[in-house]
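Open the model in your viewer and keep the selection panel at hand.

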Amino acid sequence: MATAFLTERSLGRIVAGHPWVYASDLLRVEGKPEDGKEIAVRGSRGAWIGVGFFNGKSKIPIRILARRRVPLDEAFFRTRIAQAVARRRDGEGRLPSACRLVWSEGDFLPGLIVDWYAGGAVFQTLTRAMDDRREWLVATLRTLLDPDVIVERNEASSRAFEGLAPRRGIAWGTGATRREVDAGGLRMEADLLEGQKTGSYLDQAENWRRVAARAKGRRVLDAFTYHGGFALACAKAGATRVEGVDLSKDAVAACERGATRNGSLNASWRCANVFDDLNARVRARETFDLVILDPPSFTRSRARLGEARRGYKEIHLKALRLLGEGGRLATFCCSHHVTSEAFRAVALDAAFDERILLRQVEAYGQPEDHPVLPAVPETEYLKGFLFEVAEKG
Ligand code: SAH
């Protein structure tokens, strides 16, 4: 097996548990490492660090899988996946109707994501090494979970950095790729092949419930609603009026079906660009008691952070104008590059411009099935706050 020796400078981060070795962390490499294959990782003077997978085409040529001296063979792979799945089971050994089964670095399986939708599994293999092991993955999922379909959603643009082409399709099985699941107290639909992400925003399901717990008797606007998770949960919880907005026509159609499916809930939907829609509502002097903002990530890179901040600020400004004193804003950010503090600063900045004093009521994060490793900041991406308009000047 080839061996990589790391620079002194990189050791602190990597020994503390970060699995990524950048090209600039490499002091030298002994042997001929092959893309997708194992490589031993050692300190500058040869002390053992761990074993990982190599890809010379990637900006991250090594991702460490194990700190112990173990072969990264099929048995290792199966055990790791089994451990991740076991963490999602309840006391009776049951899985939730829908959940994330494997969360990449958060489950010590860098580059692998697996989601579960009531008997259907959806996976993403985002690194060369994981992509090469698709057959192990499919076999493991079949024995562990007995699914009726396994879908591959490998459209992520990040695959290009690994020298991988996009790919999407049914990897195994004949089960339906459109199905219904229980999530966040709702009956939701998920299209495993055509839906956004892997079919649903499973990372928000718990937050639907938490935000909705405060929606009774309120007029709610859910901006960037997708299938209406927040909106439907609020309607079910007794909100007096609920409106959802999304740019995607398919998403809005799913919202309408969702309202019927969840007990003829009273909500209305608009297919529109939220930026324009908020402007129109401000001009029309509309008011709400609770506004929810859950936009897609406005930046995938650190370089475009300034632009992203302007986007986040813009929607916060407009949302705040729709709220009176005592009104609430539930706001989320799913960009890893924007830290929780930076995100809160954007909301604060918008509030300052509007001469509004905010009170923080609650903070939100990722659910347990999207585990965060403090030593690996990249595992943490979702943050949110519930603010109250404490004073309006
Ligand atoms: N709140 C949803 C997830 C939202 S994901 C949930 O909890 O399930 C972001 C959504 O924003 C996507 O559905 C996408 O279609 C939509 N979107 C992206 N840009 C938009 C824009 N400018 N205006 C309106 N919707 C937009």
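Which polar side-chain atom lies 2.7 Å from a nitrogen atom of the ligand? Select aspartate 294: the atom belongs to its side chain. The model is predicted, so local features need pLDDT of at least 70 and side-chain atom pairs count only at pLDDT 80 or more, while totals for chains, interfaces and linings use all residues. Residues are numbered from 1 along each chain as its sequence is written, and side-chain values use heavy atoms, with hydrogens and water left out.

**Stop 1: the ligand**

Stay with the polar contacts (pairs of N or O atoms within 3.5 Å; within protein, one must be able to donate a hydrogen and the other to accept it, and residues adjacent in sequence count only if both atoms are side-chain atoms). Select phenylalanine 224: a polar backbone atom there is 2.9 Å from a nitrogen atom of the ligand. Then pick glutamine 196, where a polar side-chain atom lies 3.0 Å from an oxygen atom of the ligand. On its own the ligand has 580 Å² of accessible area (Shrake-Rupley method, 1.4 Å probe; for residues, only the protein chains shown count as cover). The protein covers 91% of that area.

Now show the whole shell. It holds 16 residues, with Trp208, Phe224, Asp246, Val274 and Asp294 the closest. A residue is near if one of its heavy atoms lies within 4 Å. By class, nine are nonpolar, five polar and two charged. Here Ala, Val, Leu, Ile, Met, Phe, Trp, Tyr, Cys and Pro count as nonpolar, Asp, Glu, Lys and Arg as charged, and the others, Gly among them, as polar.

**Stop 2: the five-stranded sheet**

Switch to cartoon. Helices (H or I, at least four residues) and strands (E, at least two) are DSSP runs, numbered from the N terminus. Two strands pair if DSSP finds at least two bridges between them. Follow the open, mixed sheet in the order β7-β8-β9-β10-β11. β7 (98–103) and β11 (167–173) stand at the edges with a single partner strand each, so one side of each has no neighbour in the sheet.

Zoom in on β7 and β8 (residues 112–117): they pair antiparallel over five bridges. Cysteine 99 stands opposite tryptophan 116 in β8. Next, select helix α2 (residues 74–88), which packs on the sheet and touches β7 and β8. Contact means heavy atoms within 4.5 Å.

**Stop 3: the six-stranded sheet**

Select the open sheet β2-β6-β5-β4-β1-β3, also of mixed pairing. Its edge strands are β2 (20–21) and β3 (26–30), each pairing on one side only. β2 and β6 (residues 62–66) pair antiparallel over two bridges. Pick tryptophan 20; its bridge partner in β6 is arginine 63.

**Stop 4: lysine 313**

Finish in helix α9 (residues 305–321), which holds lysine 313. Leaving aside neighbours within four places in sequence, lysine 313 is in contact with Val346, Asp349, Ala350 and Asp353.

Conventions. Axes fitted to C-alpha atoms, helices over the stretch in contact; angles between N-to-C directions.
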